Amino acid sequence: MVLKNLNDLRRLIEGGPKKKLVLAAAQDQHSLGAVIKAWEENIIDPILIGDKDGIQNICSLNNYDITSLKIIHEPDLEKSVEMAVKMVSSKQADILMKGKIGSSALLRCVLNKEWGLRTGNLLSHIALFEVDTYHKVIAVTDVAMNIAPNLKEKIAIVNNSVACLNRLGYNIPKVAVLGAVEMVNENMGATLDAALLSKMNQRDQIRNCIIDGPLAFDNAVSIESSRQKGIRSEVAGDTDLLLMPDIEVGNVLYKSLVFFAKAKVASIILGALAPIVLTSRSDSEQAKFDSILLAAASSNS
Amino acid sequence: MEQKVLALKKKYRIAVAWAQDHNTVGAIHMAVVKGLVEAVMIGKSAEIIKICRAEKIDEKLFTIIEAESENQASIKAVKLAKEGNADIVMKGLAGTDKFLKAVMDKENGLMLPNAVLSYVGALEIPAYHKLLFLTDPAVIPFPDLDQKIAMAEYAIDMARRFGIDKPKIALLGASEKMSRHFENSVDYAIMCKMADRGQIKSCVMDGPLDLFLACDKKSIEIKGVETPVNGDADILLFPSLESSNPFYKGLMLFAKSELAGLIRGTEKPVIVISRSESEKSKYFCITLACFMV
């Protein structure tokens, strides 16, 4: 099954046990709004950790009725994150979300060796885009976390993303390794890594997906374009997941999809014990809500 | 292979550098008698005539040109080909380095512009169901990616001359898995993708593959590896000279196999064969060269 749009994620959580989301440093208008909305729509059960007065102020200003919600008072930012992370590592919560705290402070706690959410895997970011001009949702990695992944890191990023897509119901997602061209070019390292990833996939060293690359962006997402170029590929034109060569390409693609193509986006951090919602201030309310939805749908706990 | 060449019914001119060698004279004589070639023997004419008489060969079957040294003989042989008076050049008793120096001379040599000098062999192995081409058993010790690509293209070209439209080429390693311990597997993955994308043409390529997966269908079934080469390789590309050379010599010594081979990257076929090789091997090289003119 593939997702036609982000709303399809709702089908994946219907009937299942409701996932518990813990919002660290919850006194944050942007994330709290999305959490309350997801709670009202029965997507998650929230636990709010943070400054109780701050949280209640925001709620009364916005007319959120949180009388039945669990709120844990912890005014110290670092401590509230630590508490949130510990709730996830001790299985009292299924999803971690960032509130009013910097990403690096949150990730430091996630990576804590004693009580963090380490699995031994690399952490990576996945974003799912719904865009009118493509026939299904397209996932993109890594546009926010790994700056210039080497081959080993690219393998880890693909494995994280494929596992996530598998949990979302994609049996064999089609993975395109993006380059500037579809040809192998010794002067473009991304095309060489793409060839290696393809071969490792053929040899079952990267499983549960079909990988092809290098593919230029147009070949990856347009069947006409790949036909014109005479590319024989199961992936070209029907990509489920685009692997970026580096964060600079990824970030520009992400933002151009959002700003120019008016794409809807949902994104989470993978590779930890549980999905992490780490949206930024500049993300729309909708994007934050959809990210929570994605975290709930992809949570395997 | 001999049958195919005889069927060409064409006669080529072959120039032999430093020809006063029993096995070489014998092989050339066989090719002349069968109507494959006309031969120009370059070297110490007195010695060439002496060998002919000892072998009871009519020296008038050959054109004999006098040369004083192996250098001079090599240069003369190459010059004949360069000027269009010979189709094939063959090394006789001349040292390989001296002979190749003449072949590779920038002004008067036979190299194609910017070509990689390499070697492709064709093996007749009784235990294999068809001719097996291999590269490079003689010239490039540790080929880099560009050299491997050139080697593949030369071997594909040779196999296609033998009527194999899309030869199956196996890029050989110790295992079919990608591993950072085997640097060649990286080159192989890159080459396979280049073949996918049409950057290396007219072949079915896979690698890394071990020899069993390359040439034995049973191993494919047992291991369950999916590969388009499918145990039916036409061409084996080796990662190094140290792996390819013992491979073919082992087959010749222990498995009654015969090798014919040619230098590639030249305007015209060039035969370089070890002085110790038999008359028969030299004859096979001549037939192969005729086929590749």
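**Notebook: a two-chain predicted model**

I began at I292(A): leaving aside neighbours within four places in sequence, I found I292(A) in contact with L21(A), A34(A), V35(A), A38(A), I43(A), I44(A) and V277(A) (contact: C-beta atoms, placed from the backbone, within 7 Å). I292(A) is also named, with V22(A), V16(B) and A155(B), among the residues with the most contacts inside the largest nonpolar core, which has 209 residues. Such a core is a set of buried Ala, Val, Leu, Ile, Met, Phe, Trp, Tyr and Cys residues joined through C-beta atoms within 7 Å. Buried takes 20 or more other C-beta atoms within 10 Å of a residue's own, exposed 12 or fewer, and partly exposed lies in between, with C-beta atoms placed from the backbone.

A note on the ground rules: this is a predicted model, where local features need pLDDT of at least 70, side-chain atom pairs count only at pLDDT 80 or more, and totals for chains, interfaces and linings use all residues. Residues are numbered from 1 along each chain as its sequence is written, while chains are lettered from A and ligands numbered from 1 in the order in which they are written.

I then checked confidence. Chain B has a mean pLDDT (the predictor's confidence in each residue, from 0 to 100) of 94, with 100% of its residues at 70 or more. For the complex, the predictor gives an ipTM of 0.84 and a pTM of 0.90.

Next came A155(B), which is one of the buried residues of helix 6 of chain B. This helix covers residues 145-161 and reaches 24 Å between its first and last C-alpha, close to the 24 Å expected (1.5 Å times one less than its number of residues). I took helices (H or I, at least four residues) and strands (E, at least two) as DSSP runs, numbered from the N terminus.

One joins T141(A) and D142(A), with omega about 0 degrees; another joins T135(B) and D136(B), with omega about -5 degrees. D136(B) sits in the loop between strand 6 (132-135) and helix 6 of chain B.

Lastly, I compared two positive phi values in residues other than glycine. Phi is near 60 degrees for N208(A), and near 60 degrees for W18(B). N208(A) is partly exposed, because it has 15 C-beta neighbours inside 10 Å. W18(B) is buried, because 30 other C-beta atoms lie within 10 Å.

Methods: Contact = placed C-beta atoms within 7 Å.
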